[in-house]
Amino acid sequence: MTTKTKTVLSGIRPTGQLHLGNYFGALKNFVQMQYDARCYFFIADYHALTTHPDPAHLHENIRNVLAEYLAAGLDPEVATIYVQSDLPQTAEMSLLLSMHAYVGELERTASFKDKIRKQPENVNAGLLCYPVLMASDILIHRADYVPVGKDQEQHLEMTRKYARRFNTMYGEEFFSEPQPYNFGQELARIPGLDGSGKMGKSEGNGIFLSDSDDAIRKKVMRAVTDAGPVAGEAMSEPVANIFTIMKLVSTPEVYDDFMNRHNEGTIRYGDLKKQLAEDIITVVAPIRERIEAIRGDNEYLHKVLARGAEQAAESADTTVRRVREIMGIRPF
Ligand code: ATP
Ligand code: MG
């Protein structure tokens with residue numbers, strides 16, 4: 001595609017180093033999409049504050065995520081890369097949109113219920129309003145597609161609901177309904193290697209894009225398995241998780257070979273893990289080398305963000321101005 005007719009937006013929270021889940025669930029898609037669509041990729045620092053309020057960490061993590069974006073192949077000449085808080089229009093948009101979000105719906109959101117279980121000492125209003133802020137990020141650029149992992153599906157559904165509600169209330173088809181996007185496959189959900197659940201920055205189970213080869217080998221060799229396949233029984237969750245990751249990093253031949261060995265009952269988990277570790281290293285090592293080269297280049301990083309903020313503001317200003325008008329906030 002040469003002319004870019006569609007708009008894409010997505011972001012990642014600067015809550016730690018990026019891992020394979022972020023890469024296969026999000027970043028890899030970002031890189032592929034940047035050439036086909038008008039893309040906005042941001043670093044979601046407002047979102048990070050809902051769970052990770054330490055200023056020193058936040059600051060460092062913004063730098064890391066930016067370096068990781070660039071190292072994975074996002075091109076600031078092609079896509080708009082910015083920090084969420086560099087676009088204060090997002091905060092205004094979020095306030096305006098919150099008039100269309102009902103508290104009951106927000107309280108029923110799966111991620112909210114999950115987070116209040118995890119941090120009962122800090123059930124802040126930002127956590128509750130997370131879906132409104134996310135909808136603002138998306139609608140402020142009037143995005144058509146949002147490449148996210150499966151864990152974000154419900155938030156995106158809420159964004160569509162707010163867009164519909166807004167259009168119906170004011171009798172104008174202003175917002176289109178953004179769709180989830182993943183290149184040619186189902187939405188990815190990368191598990192951790194600790195037996196169950198997703199890989200997450202805040203889960204302590206990440207295989208990071210910045211991990212050394214040895215760190216990767218150690219983490220993979222420690223992966224939870226089971227006592228061995230049992231004829232006639234379904235594969236256990238920890239072993240299925242290893243195969244899920246293998247499907248993404250290994251060749252189809254390697255994957256099929258280990259799957260056959262599992263089905264025949266001849267598999268040795270040590271061999272499976274060794275192979276998986278090497279295939280993860282093949283993906284991660286070149287990215288890690290680029291992260292190391294970019295991370296310390298302050299001048300370049302600042303330039304990228306200044307340019308991104310300017311481009312993002314152009315699009316955001318246009319939307320917020322119209323939303324104010326539509327909602328009746330006009331200068332006399
Ligand atoms: P945190 O644990 O702090 O929430 P996270 O690892 O879940 O961090 P996010 O910043 O919340 O990362 O999400 C960034 C992007 O990565 C989102 O598009 C999300 O869907 C995707 N993502 C995160 N974890 C996974 C995973 N395990 N599998 C697939 N996609 C994922
Ligand atoms: Mg998350």
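In this predicted model, an N or O atom in the side chain of aspartate 151 lies 2.6 Å from an oxygen atom of ligand 1. Ligand 1 on its own would expose 590 Å², and the protein buries 96% of that area. Serine 202 also has a side-chain N or O atom 2.6 Å from an oxygen atom of ligand 1. For arginine 13, the distance from a polar side-chain atom to an oxygen atom of the ligand is 2.9 Å. Each of these pairs falls within 3.5 Å, the cut-off for a polar contact.

The next step is to look at the whole shell around the ligand. There are 20 residues around ligand 1, and those that come nearest are His19, Asp151, Lys198, Lys201 and Ser202. Sorted by class, the shell consists of six nonpolar, nine polar and five charged residues. Helix 1 contributes the most to this shell, with four residues.

Where does ligand 1 sit? Ligand 1 is found in the largest pocket. That pocket holds about 1100 Å³ of space. Its lining is made up of 48 residues, of which Arg13, Tyr130, Asp151, Gln152 and Lys198 are the closest to the centre of the pocket.

The lining can be traced along the chain. Strand 1 (7–12) supplies at least two of its residues, as does each of helix 1 (20–33), helix 6 (110–118), helix 8 (130–139) and helix 9 (153–170). Which helix gives the most to the lining of the largest pocket? Helix 6 does, with six residues. By class, the lining of the pocket contains 18 nonpolar, 19 polar and eleven charged residues.

Conventions: Residues are numbered from 1 along each chain as its sequence is written. Chains are lettered from A and ligands numbered from 1 in the order in which they are written. This is a predicted model: local features need pLDDT of at least 70, side-chain atom pairs count only at pLDDT 80 or more; totals for chains, interfaces and linings use all residues. Side-chain values use heavy atoms; hydrogens and water are left out. On a 1 Å grid over the protein atoms alone, a cavity is a set of points where a 1.4 Å probe fits but cannot get out, and a pocket is an open set with protein on both sides within 12 Å along at least five of seven lines; lining residues have an atom within 4 Å of a point. Grid points are joined across faces, edges and corners, and a volume is the space filled by probe spheres set on the points. Ala, Val, Leu, Ile, Met, Phe, Trp, Tyr, Cys and Pro count as nonpolar, Asp, Glu, Lys and Arg as charged, and the others, Gly among them, as polar. A residue is near a molecule or strand if one of its heavy atoms lies within 4 Å of it. A polar contact is a pair of N or O atoms within 3.5 Å; within protein, one must be able to donate a hydrogen and the other to accept it, and residues adjacent in sequence count only if both atoms are side-chain atoms. Accessible areas come from the Shrake-Rupley method with a 1.4 Å probe; for residues, only the protein chains shown count as cover. A molecule sits in a cavity or pocket if more than half of its atoms lie within 2 Å of its grid points.
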